Structures are given as structure tokens and as C-alpha cells.
Amino acid sequence: MAGRIICARHALGLAVLLSVIGVHGGAWADSLVADLSQRLVAITTGFAGTNVLLFGAVDGQGDVVVVVRGPDRPVTMRRKGRVLGIWANTAQMTFERAPSFYAVASSRPLQEVAPPSVLARHELGVGALRLELAPAKASPNVAKEWRSGLIRNFQRAGLYSREERPITFLGNRLFRVELHLPANVPTGAYQAVTYLLRDGEVLSAQTMPLFVSKVGAEAYIYDFAVRHSAYYGLIAIAIALMAGWLAHLAFRKA
Amino acid sequence: MQIYLPIAEMSVNVFLLLGMGGAIGFLSGLFGVGGGFLMTPLLIFIGVPPAVAVGTEANQIVASSVSGVLAHWRRGNVDLKMGTVLMVGGFAGSTLGVVLFKVLRSLGQIDLVISLSYVIFLGIIGALMLVESLRSIRRRKAAAAQRRKLHQHTWIHGLPLKMRFRRSKLYISALMPFGVGFLVGILAAIMGVGGGFIMVPAMIYLLGMPTSVVIGTSLFQIIFVTANVTFLQAYANQTVDVVLALLLLTGAVIGAQFGARAGARLQGEQLRGLLAVMVLLVCAKLFFDLLVTPEDIYTLGVVH
């Protein structure tokens, strides 16, 4: 059902795009239009991850790269070492900012699309993410280790792409890509950025907001637990007392 | 059927949680233990953040202890006075435990401390229980039971603040149960357990309480200690997931009924021996995890 709605919206969107490009085709050299199948990802009770469809059209030849990025947050990493034969955390390091989610898709492998300097400038690809530790905290070599440790951990959690997803072109102009947001996707204001590149240079880019938020009972429970934590604690105890009493009654009957 | 847990912030299969609750409930009904020492490691194993596992398990134990204590209460197996002294100690201990938990968490050492506490305590208790049950099985075969002295005087009886505990038939210093309650309270807060598996042996061997009132009294005080842990974890750390607790509880209630029925068919020594083996298995698994080289020495700490 949901899939059909998305397909219908997708088709409608493409039709609109086509008509726009059809009318203004010549004047819109190097232009790019894109949209998302949904602007809000609602985390509800049954949420088990979702796919977001990004589609659009380009005018003229070029490569398309899509980046979906979650809000930046400080991230503390820890490193284990052997202490008396046991593995324990022996060091920690805090990155001032790291995207809480990062997915990338590209019409061709990123290395072929643009030189490393361009990828780095626009943070295209997990390898080009700007994850910096203060130079006082760690030498470049050490910082590199921590950095790749962070990336590996986020990749294992499914929050950073392992490799860029391929973007499919329909004909020369229309493209589409489905991006997966896993069940553990962090909430917040995301950005979906579509880049059009040619000869290794970014010609144009379009940014779209994407909100990931808890809705319904989930949001209510979470908000209540954070805002009224004392009441939440008391209610949790009351529920447990009730449940225990009910269980006792059921037990006695049996 | 997946369900999204609002505090743990993860999506888990409902039937997995009900099944886990059921299995642990079965074992707790079978052996007459709370099961927290099995459930908390299991929750961490399926990916629930350790802090949430500990806070939520405390909440679940409140419920299972209530249903347990009501049954014992009807049979008059609760020593209220002893339970109250243990509870006061438990309140103080668990409050300190939650504070320690928060400090250790910010230092990045909480996972290690949780694992080490499990390894140490499960190792000691499991080994003692195994030796004890093997010995009693052998003794039964030999049929030459040596009678134990009913009462032995030690330094414990020299402590001040003596109190009479009618139901337990004891006249001992209130500092003893207070101290036991305090220490078990700390462990309850850090390990996410009720602490029955430490409390019960401590009551029998350290305090010298009669076995008949031990379980009821221990359950009585566990209610208050775990309620305190639930409140403080919810208040200070926001790590109590009521949805998770309710699902585990539902399974546990049903499982416990079947467990209790199965338990009635087995002999006491055999049960204790089996429980000892299981406790030692959990201990060995956790110890092995501490020794084995981790998949990645870099781990994600706090995402702010």
C-alpha cells in the first residue's frame, strides 16, 4: 500500500519534472532538479527501518552524487587495551562533530567522478568526511586510527555507507536511488544533497531537508521519560507493582 | 512483528522478547531465583545498551518480586522486621550504586565493571552451590548425615545494636543485615539484578536465618531496592524502557508458571546442581568475552 503511494508520487513527480525540463530545456543548462519521496521519516511503534526514494532529472551530461546526512554531533570513541589479560577501555577521544548518519549514492564510483580534493571539499564519500581531532590531542597518524575506528563502528551500526550505492538512470536525464534508513536511525534534521558533476567539478547542487522523528506513542513515552523523569520513574514502578499483583492473581487461579 | 523500543531506541522482534521473558521466567520458576542475572546479560547480548538493560531489568524485577512475595506472604514466610532492616541497607546501597554507575559510565568503564561483577559473583556463587549440591547428593547416598550445630558464636555476635528477629529466631546486631542489604544494593544497581542469588546465601550462611523465611524476606526487600533503582535510573540516567519491561514481564509471568510446575517434579539437590551449572556457564561466557581479542579495539562511546 505504502509502496504504491510512493510509486504514484514518484510517477507524478517525474511527470512534473519532465514537463518543466521540456519547456525550459534549453535555458537550463547544467541544471538539476530532485525531490524525495518523503520529507518526514516517522518512527512509529512498528518502525523497522525504511527506504527513502530520491529522484530527479539533470539537464545535459554529468555524474550525479547524492548524500544524505544526519545532524552533526560530538562523538566519544574508546580504545581497548589488554590490562592483566583482560580487554578494557584504556583511552578515549572525542570528535567535536561527526554526522550521526551518512549515506552516499553515485552514478559512477566516486574516484572516477572527481579528484580527491573535490571529494574532500564537499565531503563526498565516507573517506572524505571531515572528522577532526584537535592536533593537541593526537598526532596525525594516531588521529587517522581513531578516525577509521569511528567510521568502522558507524558502518557496523548501519549508519554510514560501506560503499556508494549506484544511482540508476532512466534514459539520459532521469535518475532515481533508494536510500535505506535502518531501524536505529538517529532522530533529527537531515539533509539530502544532490550534486551534479562534470569533468570532476561540481556544477550545481540541491539541498533538501529530511526530518527523522519519533511520532505517536514512541515520541510520547520518550518525551515524558526525558522531561518528567521523576514521574516517569514513579509510573514505571506503579506499572510493575500492578503487573506483579495481576500475575499473582493469575497464579493463584492456576 | 517488530516493535520499536522508545528508550533503548532500537527495533526488536516482539516474539523474541516474549520468548526471552518466557525462557528466563521458566528458569526462575524452576529454581526459585529472580532471573535478573541471566536476563541482563541476555539483553546486552541482543544489543540493548547496557545502561538500558540494567535500568529496565530493575523495573521488571519489581513486578516479578511482587508476584513472588504475595505467595510467600500468605504462607507467613516473610520476616518483616528483618526485611525492613535489609531494605534500609539496600536503599542506601542501591543509591550509592546508581551514583557509581553514572560515574563509571562517564569514565567508559561501566561495561567492564558489569562484566567483572558478573564473572566474580556468578563464579563464587556457582562454585559454592555446585560443591554444596554435590556434597549433599553424596551425603544422601552415604546416609550418614552429620548433625550441624544449631547455633555457633562468632565475632558477628559481638557487634553492637542487637535486635531480636522473632520470625527468623535470631538475636543479632542490626548492622549485619544492614551491611548485607547495603552491599547487595550496590550490586543490584550496577548489575541490574535483584540480588537474590547473593542475598539468599548471605542470609543463610552469614546471618543464619532459617531457610523457610529466606526467600520470602529476600523478595520483600528486593521489591524496594529494585523500585529505588528503577526510580533513580529513570531520574538520573533516563534508562528505563517501560515497553521493554512490560514485554519481558508478560513472557516471564507465563514462563514462571510452567517452571514452578516442572520444578515440583525435581529434587532439591538436583535443582541446585543444575542452577549451579547454569550460573557457571553464564560466568564462563562472560569471562571468555573479556579475554578474547575484540573484533575492533575501537568502540563507540557516548554519542551526545
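Reader: In this predicted model, what makes Glu218(A), Tyr222(A) and Ala225(A) of H5(A) count as buried?

Author: A residue is called buried if 20 or more other C-beta atoms lie within 10 Å of its own, and Glu218(A), Tyr222(A) and Ala225(A) in H5(A) are buried in that sense. They cover an arc of only 65 degrees around the axis, which puts them on the same side of H5(A).

Reader: How do you know that the span of helix H5 of chain A agrees with its number of residues?

Author: The 12 residues of H5(A), residues 216–227, should span 16 Å at 1.5 Å a residue, and because the end C-alpha atoms are 16 Å apart, the two values agree.

Reader: How many residues of domain 1 of chain A are in contact with domain 2 of chain A?

Author: The domain assignment gives domain 1 as 2–213 and domain 2 as 215–254, and 5 residues of domain 1 are in contact with 5 residues of domain 2. On the domain 1 side, the residues that touch domain 2 divide into 2 nonpolar, 3 polar and no charged.

Reader: What makes up the side of chain B that touches chain A?

Author: In the contact between the chains, 45 residues of chain B meet 51 residues of chain A. Among the elements of chain B that each supply at least two residues to this side are strand E1 (2–5), helix H3 (50–74) and helix H8 (211–237), and H3(B) gives the most, with 9 residues. The residues of this side divide into 29 nonpolar, 14 polar and 2 charged.

Conventions: Residues numbered from 1 in each chain as written. Chains lettered and ligands numbered in written order. Predicted model: local features only at pLDDT ≥ 70, side-chain atom pairs only at ≥ 80, totals over all residues. Contact = placed C-beta atoms within 7 Å. Helix = DSSP H or I, 4+ residues; strand = E, 2+ residues; numbered from the N terminus. Nonpolar A, V, L, I, M, F, W, Y, C, P; charged D, E, K, R; others polar. Expected span 1.5 Å × (residues − 1). Buried ≥ 20, exposed ≤ 12 C-beta atoms within 10 Å, placed from the backbone. Arc of directions from axis to C-beta. Domains from an automatic or database assignment.
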